[in-house]
Amino acid sequence: MAPPAGQIRPAKYLGAFVLIVVALYSLVFFTGNGKATPKLGIDLQGGTRVTLTARAPDGKTPSEESLNQARTLIETRVNGLGVAGPEVIRDGTNLVITVPGSDSEGAKRLGQTAKLNFRKVIGSPVPNAPEPAPSDSATPSASGSAVPTTTGSAAPTESAGSAAPTTTAQGRPAPAFEAQPETTTPPAATTTPAADPNAPVDPNAPAGEQPPAESQVDCRAVFQGQYSDDPTKAIEESRTCRQDPQLTTLDAQTVSQALGAFTCPAVDPLIGNDDPALPLLTCDQDRTEKYVLAPVTPPTDGSVKDDDFSLYSRLSGEDIDNAVSGTDPQGAGFVVDLTFKGEGGDKWGKFTSANVSQQVAVVLDTQVVSAPNINEPILGGSTQISGKFTQAEANSLANVLKYGSLPLSFEASEAETVSATLGLASLKAGLIAGGIGLALVFVYCLFYYRLLGVLTILSLVLSGVIVYAVLVLLGRWIGFTLDLAGIAGFIVSIGITADSFVVFFERLKDEMREGRSFRSAVPRAWVRSRRTILSADMVSFLAAAILYVLAVGQVKGFAFTLGMSTVLDLVVVFLVTHPLVSMISKSKRLSNPKLSGLGGAVQASVDDRALSGAKSTAVKEV
Amino acid sequence: MAETKKRNVFQRLYVGNGAFDIVGKRKRWYLVFGLILLICIGSIVFRGFNLGIDFTGGTRIQMPAISSSGTIGVEEAKESFEKAIGKEPAATQTVGTGDAATIQIRSETLNADEVLKLKTTLNDDLQPNGGVDAISDSAVSASWGGEITSQALIALIVFFIAVMIFLALYFELSMAIAALVAVLHDVLITAGVYSIVGFEVSPATVIGLLTILGFSLYDTVVVFDKVRENTRGLLGLTRRTYGEAANLAVNQTLMRSINTSLIAVLPVLGLLAIGVGLLGVGTLKDLALVQLTGIIIGALSSIYIATPVAVDLKMRDARYKAQAARVQARRDNLARKAATGEATAEVLSGGDIVESTDDESLQAELRKEKAMAAAAGVPARTGKSTDTRRRPTGKKHR
């Protein structure tokens with residue numbers, strides 16, 4: 001039977017809601033894997049999450065392109081770990097790696113892989129700690145005509161003795177000199193520094209006393225491992241002191257002195273931010289050895305010929321095609337086989353030809369990973385690095401070489417491993433908290449609104465039903481994971497959802513207080529409260545949306561669930577709560593004021609009228 | 001009047017007939033909340049915050065406090081840590097109770113190898129339930145919290161601007177400003193409470209602080225909606241001043257504010273109880289305290305700060321001042337008459353009877369609603385009734 005014209009048809013709205021629920025749940029059960037479980041975050045199911053923050057050396061935002069490239073590379077690497085279901089997500093300038101399950105320790109090491117370069121070792125490394133490092137050596141896998149001479153003029157133009165370089169201080173990189181090879185002591189031979197590492201800085205030591213005119217950087221402090229607290233400043237300081245262009249132009253003794261004065265910092269601010277066009281003073285990864293390294297690329301002012309490879313390898317990690325670790329065919333131990341791609345092989349050939357019996361350092365993120373000797377020119381684009389590697393070391397070196405080169409360098413901002421048991425406990429706690437919260441709300445609503453309270457509960461439950469379906473679907477479609485913060489978001493949104501009902505019911509009460517019947521109060525109250533509900537939800541959605549767009553990390557989950565419940569709340573209020581109330585208002589038995597909990601309002605209206613009635617009589621009596 | 005006195009506080013609350021003079025005594029509330037605000041700011045400035053691992057950087061290890069041989073003590077965990085790393089941990093504590101109890105160890109940043117070693121040692125020494133897999137760790141760089149905070153601040157500013165625009169369009173500028181004042185007040189007080197309680201500030205806290213903005217504004221919007229409704233066409237009337245109309249609106253929404261806040265607070269209380277008592281789970285606990293404070297303060301400020309400020313701003317408008325003067329004049333007039341016969345004393349009490357002044361707009365909207373429903377529905381209407389409805393508008397296509 002059609003209701004009279006102009007009346008809302010509750011059945012229609014409820015039908016629409018049922019349709020939505022059916023549609024959602026058929027999507028849940030008949031698409032994807034058909035499993036009705038939302039995707040859980042690692043804090044709920046256990047696993048490892050690493051947040052890598054791109055390190056921008058100059059404070060600039062890294063480009064989209066390089067971030068995406070880095071993401072792809074890291075994804076490849078994570079998949080290489082061989083664990084199930086890893087995920088690499090970009091979140092602003094962060095990359096968030098999530099590896100579920102308990103066996104995911106490896107993920108934490110991914111952040112350290114970054115910029116890879118090949119740099120020639122100038123002079124000989126000096127031990128940082130008393131123990132000498134094992135000397136690495138490289139055996140060529142391809143042999144060619146040996147041309148062990150360096151090219152270019154070899155005139156040593158540096159001032160004699162322990163030079164007074166202050167007089168030659170220049171802002172631009174000094175022209176390259178090929179003096180070094182001649183004065184270099186054979187690398188394998190020495191571990192004794194010319195200067196005591198702990199000796200005070202020689203006042204004439206080149207880098208130690210070279211403050212550029214524009215910024216007063218105390219290189220003595222820098223060399224002793226003291227940097228500014230401000231990261232950008234610290235990077236600048238390390239660059240000024242440890243990437244002094246003159247490092248390549250000085251004689252062996254001065255270089256040794258500089259090396260001796262330098263202390264490996266516990267936390268190197270320069271990491272990943274060294275300039276490949278400048279020389280570098282740095283340590284190896286264990287901080288046992290100190291090196292002076294040549295620039296990777298020559299200055300761009302044309303002062304160096306294109307075929308001059310005496311100092312410059314011109315090779316970065318991007319030239320590496322593949323790296324595989326294996327056992328040494330000629331003896332015990334492990335080796336790493338390396339192939340270059342494109343011009344890389346050619347460059348490597350020229351570089352090794354020009355630097356036979358010198359050391360070349362594999363520099364990862366400013367730290368020397370390995371510094372093998374070049375035994376002979378290596379032509380043909382592939383090479384083998386051998387040394388006293390354990391299998392794990394060879395593996396890790398191969399990985400570094402293979403995947404090491406990211407277009408950006410990263411720092412692990414947050415690394416978290418949550419055990420499965422703890423995750424389960426958190427999930428349980430979250431659900432208990434939600435359950436308790438919901439139960440309290442139920443009790444209060446029943447107490448205060450009676451029959452309308454039942455409606456509230458019903459609406460909340462229905463709202464929960466669609467929230468769950470949407471959760472499952474979003475997990476499937478956009479990889480939305482429910483984490484602890486998300487659960488908190490839902491619990492908090494119980495309040496917001498229930499509030500729409502409260503606003504509606506209170507308006508209903510207002511109308512009835514003015515003396516209207518329940519039936520005639522419903523449409524009036526609805527029109528009024530609808531506006532309020534819409535605007536209030538709008539504000540709260542706005543808050544969630546802005547949070548979602550701008551916030552980082554776990555906060556996103558919270559904002560997302562909050563915003564989602566706000567929207568779904570509107571759906572429930574419009575399609576369920578209002579039609580149901582309107583249905584009740586038409587039933588004589590159900591709209592009994594005692595049942596609806598609005599008896600007080602009715603009573604108040606009666607009181608008011610009685611009161612004003614009494615007053616008017618009083619007036620008459622006077 | 002004897003009859004009015006008879007109603008107790010709860011009845012007055014329930015009925016919302018404007019019996020609480022909130023706007024009129026606003027100076028008192030400004031003073032009270034100003035004092036609270038001062039205390040909070042003082043605490044923030046002098047006491048500061050207990051910054052969590054996300055701001056200071058470090059490693060946190062978490063493991064079940066139950067082993068096969070009983071409960072694991074804090075001291076044992078400390079010793080084991082020292083054995084593994086050679087340094088003392090920054091803090092060791094037990095959180096949670098019963099089966100869910102965990103031991104948390106915080107230290108300076110450890111690298112992956114050290115963490116692995118530590119986990120193995122802890123497992124060997126203490127044998128917590130679940131073995132080495134049950135030990136969780138998280139490492140955070142010192143800049144992470146800072147990054148989250150700076151993002152949060154950006155979000156805060158963007159949010160303020162967006163909300164200002166929204167409210168200024170939806171209501172009017174004076175209400176937008178008043179809402180903003182209330183929100184700022186809420187944020188400061190919540191932050192102050194956090195500083196006083198000394199809970200650890202985590203990124204979740206910072207974010208929770210942002211979400212209470214939503215809450216606070218939500219409340220304010222609801223109250224302002226009623227204020228707007230009550231003050232529509234007020235300038236042409238001499239029944240009550242703007243302030244009195246706003247006070248009536250506050251009273252009318254008082255019960256709603258209380259109900260809403262209660263309903264919102266109950267789940268958060270559950271969250272807090274579970275978070276603190278049972279598990280010591282960071283995110284839950286942090287968010288819960290912020291939300292709890294925020295909801296309560298947000299509800300209070302929408303009543304005691306937002307509306308009075310809106311009234312104060314509004315009363316700077318000459319037209320409203322003139323209207324208030326007219327209301328006063330009328331009352332004086334009535335009072336003079338009342339001197340001869342006390343009949344109209346009721347008027348002086350500031351409007352006992354709840355009523356809304358926007359009846360016309362409401363009627364219009366209801367008519368539209370009905371027309372829409374009719375148009376969308378089965379044409380079961382009789383020609384006669386629709387014609388009656390249509391005639392006044394003069395539009396045929398409606």
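Which helix of chain B does S174(B) lie in? The residue sits in helix 8, which spans residues 173-197 of chain B; helices here are DSSP runs of H or I with at least four residues, and strands are E runs of at least two, both numbered from the N terminus. The model is a predicted one, with local features needing pLDDT of at least 70 and side-chain atom pairs counting only at pLDDT 80 or more, while totals for chains, interfaces and linings use all residues. Residues are numbered from 1 along each chain as its sequence is written, chains are lettered from A and ligands numbered from 1 in the order in which they are written, and side-chain values use heavy atoms, leaving out hydrogens and water.

With a relative accessible area of 14%, S174(B) is buried (buried means under 20%, exposed over 50% and partly exposed in between, using a 1.4 Å probe and protein chains only). Setting aside neighbours within four places in sequence, S174(B) is in contact with A310(B), L313(B) and K314(B), contact being heavy atoms within 4.5 Å.

K314(B) turns up again in a salt bridge with E172(B), at 2.2 Å from N to O; the term covers a side-chain nitrogen of Lys or Arg within 4 Å of a carboxyl oxygen of Asp or Glu. This pair links distant parts of the chain, 142 residues apart: E172(B) is in the loop between helix 7 (142-170) and helix 8, and K314(B) is in helix 11 (residues 282-314). K314(B) is buried at 12% relative accessibility, whereas E172(B), at 23%, is partly exposed.

Over all chains, the structure holds 14 salt bridges. One of them joins D225(B) and R228(B), whose closest N and O atoms are 3.4 Å apart. These two residues are 3 apart in helix 9 (residues 203-231) of chain B, so about one helical turn separates them. D225(B) is buried at 0% relative accessibility, and R228(B) is buried at 18%. Both also belong to a salt-bridge network whose members include R507(A), E511(A) and R524(A). Another salt bridge pairs R319(B) with D317(B) at 3.2 Å, and D317(B) is partly exposed at 24%.

As for the surface, I41(B), V45(B), F46(B) and L188(B) make a nonpolar patch of about 410 Å². Patches take residues with over 30% relative accessible area and no salt bridge, joining like charges within 9 Å and nonpolar side chains (Val, Leu, Ile, Met, Phe, Trp, Tyr) within 5 Å; areas come from the Shrake-Rupley method with a 1.4 Å probe, and for residues only the protein chains shown count as cover. Helix 3 (residues 26-47) of chain B supplies the largest share, 3 residues. V45(B) lies in that helix and is exposed, at 56% relative accessible area.
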